[in-house]
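Biologist: I would like to learn how to read helix packing. Can you take me through an example?

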Amino acid sequence: MLEIFANPFILRALVAVVLMAMISGTIGSFTVFRGYSFLIAGIAHAAMAGAAFAIFLDYYGILPNMHPLFGALIFGLIMTFTVGYFSQKGSHETIDIAIGISFAMAMSMAILFISMIREYAVQAWGLIMGDLLLLTMFDLILLVIITSITVFLVILFYREMLLIAFDIESAYALGLRVSFYNYLILILSTFSVVVMLKGVGAILVYVLLVIPAAAANNIAKTASSVMIFALIFALISGVLGLILSLLLDVAPSALAGIIATLIYLVSLVIKRD
Amino acid sequence: MSDSIAVEVRNLRVAYPDTIALDNVNFELPHPSIMVVMGPNGAGKTTLLKAIMGLIHIQNGSIKVFGIDVFEHPDKIRRMIGYVPQREKVSEHIPVRTRDVVLLAKLVRSGPLTIPTRRDIEEIKEILDAVSLPRDTWNKRFSELSGGQKQKALIARALVLKPKLLLLDEPFSGVDAPSQHEIMEILSDLRKKGISTILVTHDINPIIEYVDYMLLLNRKAIAYGRPNEVLTEENLTKAYGMKIKLIVHGEVCYAITGDYHA
């Protein structure tokens, strides 16, 4: 059993799971605290459209060698800033509508670009489904960089972000730069989604980033323990998903998603008790 | 810095793109005292509190807190004011312990990565005791507290920053009558210690004995002064647009306004 961990594909997948669990524990928790969880799904689909657009530009020679993740990041950030603007100016309904419309627009664009890139479409589909076992060293380095920055900034500004999430009016009254911290969380979420895209796919990135934090929020007694529980739940989902996928020969991200959802259901039962 | 006047509002006008929230509001609150702002929904009560903190743009007039213009020196003003928001605005789905609610405000003011000292922790305990929050609630999640306890915790959080002026937005929403009196006792003690309070409420009756000044508001200042001067049938009819009955008991007027809370 242990020798399978000598396999570089599996080893990279395991390291990626640990890094993604750290993202889930930090940014995942704050997206749940701030009520931005639906936005994560929106960013993932915008990133998908961006990746497909980058492949499209490459395919037609308009911008040769454009990396799909760069396109994903640009589109993800456009969505983030659009929603961020409405979250400053508008009501909750306006934000929901802004996310919903951007979501639909992004998915339509993703499908449009995929339909135009023919034989390269498989590259874009890979980002929709994701595969932990196909991560390259470059993907892993990107994950390490983004995870380190994210964890560092969330720990540094933990109290400011928590106060804004808990009571935004008092945060304004205390003179905190609320917009700065709001955009910081949104930008870190976008980068996190983009680097997780290849590993878990646009559909399941929501499952691994948000659901462990949502489950942790159901049972934890303090905000900091939400982050620790979220990390543990994401780790259990990812590692167990990976091991079972090797035994059953199915997609690891799908199994990780199912395990994360089961953990969430158990947390709901514990919460009721 | 003037210490005899806590808040001075002159010709205040606040307008949003589609409506005028406040127009020609004037008052001067002597320090230390307790003032109530009362008026129907949409009267501009919360807007007035936000204007006093310098958080919204005003079209006309001036606001001074202890003689300092709130828009010229926002940082100084924020250090003098403790704000208690409407409880419904607090995100209770986040698990935060009661004592952490108070500690968080203190540490945020001190800057990132500040480690709480033993003195900070002692201070938090003293303040939680001062607002008579039972010790068995300190480690409970904020969401598990009763309405009155939550309000006390939020007042404790405002007090930890040692303000000279407290602003409370609808502190009695969902709070039973005994707790309302307890909270007013706390505010009354603070007045003795030199802290003024402005609080927004829909019903002055249960707390009238503690109140020094009252502003009756409906976008314009209908009346300002001592409660028994402000609470006249004429003023209440102007503010609420309907006839309000008054019962005079001793030197105190009781307005039979019913429940106007949304």
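This is a predicted model: local features need pLDDT of at least 70, side-chain atom pairs count only at pLDDT 80 or more; totals for chains, interfaces and linings use all residues.

Biologist: How do α9(A) and α12(A) pack?

Modeller: Two packed helices are described by the angle between their axes and the distance between the axes. Helix α9 (residues 178–209) of chain A meets helix α12 (residues 252–272) of chain A at about 20°, with axes 9 Å apart. So α9(A) is roughly parallel to α12(A) (angles under 35 degrees).

Biologist: Which residues of α9(A) and α12(A) make the contact?

Modeller: Contact means C-beta atoms, placed from the backbone, within 7 Å. α9(A) brings A:V200, A:G201, A:L204, A:V207 and A:L208. α12(A) brings A:S253, A:A256, A:G257, A:A260 and A:T261.

Biologist: At what angle do α6(A) and α9(A) pack?

Modeller: Helix α6 (residues 137–156) of chain A packs on α9(A) at about 155°, and the axes lie 10 Å apart. The two helices α6(A) and α9(A) are therefore roughly antiparallel (angles over 145 degrees).

Biologist: Which residues of α6(A) and α9(A) touch?

Modeller: From α6(A), the contact uses A:D139, A:L142, A:L143, A:I146, A:T150 and A:L153. From α9(A) come A:L184, A:L188, A:F191, A:S192, A:V195 and A:K198.

Key: Residues are numbered from 1 along each chain as its sequence is written. Chains are lettered from A and ligands numbered from 1 in the order in which they are written. Axes are lines fitted to C-alpha atoms, for helices over the stretch in contact, and angles run from 0 to 180 degrees between N-to-C directions. Helices (H or I, at least four residues) and strands (E, at least two) are DSSP runs, numbered from the N terminus. Angles under 35 degrees count as roughly parallel, over 145 as roughly antiparallel, 65 to 115 as roughly perpendicular and the rest as oblique. Two residues are in contact if their C-beta atoms, placed from the backbone, lie within 7 Å.
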